[in-house]
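Subject: The structure we talked about

Hi,

Here is the structure I promised to pass on. Please open it beside this email, and my notes on it follow below.

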Amino acid sequence: MLTYKQALQQVVATIKPLPPVELPLTAANGLVLSAPLAARWDMPRWDNSAMDGFAFAAASAVVAAGLKIVGRSFAGHPFGDRLRSGEAIQITTGAPLPPGADTVVPVEDTIVEGEQLLLQTTIRKGQHVRYRGEEYRAGEELLAQGVRLTAGGVGLLAGAGIEQVRVFPRPRVAIFSTGDELVELGQQPGPGQIVNSNLQYLVARLHECDCIPVPLGIGEDHCDDLDRILDRTGETDLLLTTGGVSVGEKDLVKQTLLRRGFEQKFWKVAIKPGKPVLFGTLDGKPCFGLPGNPAATAATFELFVRPALSLLAGAGDSGSTRRIARLSNAVKIAGSRQLLLWCRCSWTDDGYRVEVPRRQDSGQARSIQGANALLPVPIGSSTLPAGAEVEIILLRLPCAQAAHRP
Ligand code: AMP
Ligand code: MG
């Protein structure tokens, strides 16, 4: 059986980024750039004032002699003329410096008497001037290919006149759950029935991962019904199913997929929970069969699907979600498969600390709620003592812990 790392390598080797698309700048926030972006113009676009005050030529300014105020340059309303020796204009922050001016004195350092400007301090040529192109030049690369766009990037690019950007799109993910025992949320479960909570979980988690979920409902445990849903996966980039991938008589997902030309890359990984996880491609698109136990669905999503989504979105295999943390409590381990534990990570003065709740049954949705990290316990460990350093997979950044209850 493959180890977790070997299986993950298969995912990484199989998945390529989606074809790039062009989007309006703000619509692309959160996405990864597929091409570098260069400035359309110099920034600042002209020499301008860094202060509210007066602008003039330093060579013509003599303390106590005064300068003649001949006009003003306000932000959005430049002074239309050239300044001559002995002249000054009133100027506001960001307003263009007119030709002939090279220096700004802050208003606090002046006295105005009628049209006369009296300087109260000595000045240095060029003081309080922001020069054209000081921040960047036209044609200069502002953001490299592979950078994830954030609000800061949106602001930078907008200032440089960039309206459209080429990015890897948000992956569209077809999801359906399988199981004769399932009813949709909103229906009252009858005898032997349970609510299809996995679908709701995955939709919520896909939104958190900046993907577009395309929920396709519940497939019954027979091949015809699974085929009916598989016919509806349409314009999606990745397929997720839950349940029906184990060795039971009614576990028909793999068989149905294979009949449709599924190229299997792996089935079964030495992990607990989540052992029967299935991965391959269908019509060239990645396809995961996740086991149905809610904690197994959630764990295999984090281990394999999340890196796959990250690869599709051009962001690499999300190695950046791994962190080194110290265990707050000791963890006892049994069995030969790699154990995956839901845990609570917090940021302390001493780095990341991680607390592992004792109850971790693979059917328990409660262990996932409240968890913000997953701990893949190293194979061969028996007990991990409190204080041990472990590698965790962060699901989301730690926030205030007040909401956690045992
Ligand atoms: P399976 O992987 O189909 O053998 O299902 C394993 C266990 O997970 C069973 O107890 C199922 O009832 C439960 N289960 C399967 N699918 C779902 C689902 N969509 N939502 C909640 N529980 C499920
Ligand atoms: Mg089932």
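Strands β13 (172-178) and β16 (212-219) pair in the parallel sense over 6 bridges. Within this pair, Val 173 stands opposite Pro 213 in β16. Pairing here requires that DSSP finds at least two bridges between two strands. The strands (E, at least two residues) and helices (H or I, at least four residues) are DSSP runs, numbered from the N terminus.

Before going on, please keep in mind that this is a predicted model, in which local features need pLDDT of at least 70 and side-chain atom pairs count only at pLDDT 80 or more, while totals for chains, interfaces and linings use all residues. Residues are numbered from 1 along each chain as its sequence is written, chains are lettered from A and ligands numbered from 1 in the order in which they are written, and side-chain values use heavy atoms, with hydrogens and water left out.

Back to the sheet. β13 and β16 belong to an open sheet of 6 strands with mixed pairing, in the order β16-β13-β17-β21-β20-β18. Its edge strands, β16 and β18 (263-267), each pair on one side only. On average, neighbouring strands of this sheet are turned by 20 degrees against each other, direction ignored. For such angles, axes are lines fitted to C-alpha atoms (for helices, over the stretch in contact), and the values run from 0 to 180 degrees between N-to-C directions.

Two helices pack on this sheet. Helix α4 (residues 223-230) touches β13, β16, β17 and β20, and its direction makes about 160 degrees with that of β16. Helix α6 touches β13, β17, β18 and β21 (285-290), and makes about 170 degrees with the direction of β21. Contact means heavy atoms within 4.5 Å.

Which residues of α3 are buried? They are Asn 198, Leu 199, Leu 202, Val 203, Arg 205 and Leu 206. Buried means under 20% relative accessible area, exposed over 50%, and partly exposed in between (1.4 Å probe, protein chains only). An α-helix has 3.6 residues a turn, so residues three or four places apart point the same way. The buried residues of α3 pack against β13, β16, β17 (238-242) and α6 (294-312). Helix α3 itself (residues 197-208) has 12 residues and reaches 17 Å from its first C-alpha to its last, close to the 16 Å expected; that expected span is 1.5 Å times one less than the number of residues. After α3 comes Asp 210, whose phi is positive, near 60 degrees.

Asp 210 turns up again in a pocket. The second largest pocket has a volume of about 500 Å³. Of the 22 residues that line this pocket, the closest to its centre are Arg 148, Cys 209, Asp 210, Arg 306 and Ser 310. Helices α3 and α6 each supply at least two residues of the lining, and the largest share, 3 residues, comes from α6. On a 1 Å grid over the protein atoms alone, a pocket is an open set of points where a 1.4 Å probe fits, with protein on both sides within 12 Å along at least five of seven lines; lining residues have an atom within 4 Å of a point. Grid points are joined across faces, edges and corners, and the volume is the space filled by probe spheres set on the points.

Thr 281 sits in strand β20 (residues 278-282) and is buried, with a relative accessible area of 10%. Leaving aside neighbours within four places in sequence, Thr 281 is in contact with Thr 14, Gly 261, Phe 262, Glu 263, Pro 286 and Cys 287. Thr 281 and Gln 264 are 17 residues apart in sequence and 6.7 Å apart in space, C-alpha to C-alpha.

Strand β24 (residues 338-348) is mostly covered, with 9 of its 11 residues buried.

- β19 (residues 271-272) pairs with β24 in the parallel sense over 2 bridges, and Lys 272 has Leu 339 as its bridge partner.
- β26 (residues 373-376) runs antiparallel to β24, joined by 4 bridges; Trp 342 stands opposite Leu 374.
- β25 (residues 351-355) pairs with β24 in the antiparallel sense over 5 bridges, forming a hairpin with 2 residues between the strands.

Best wishes
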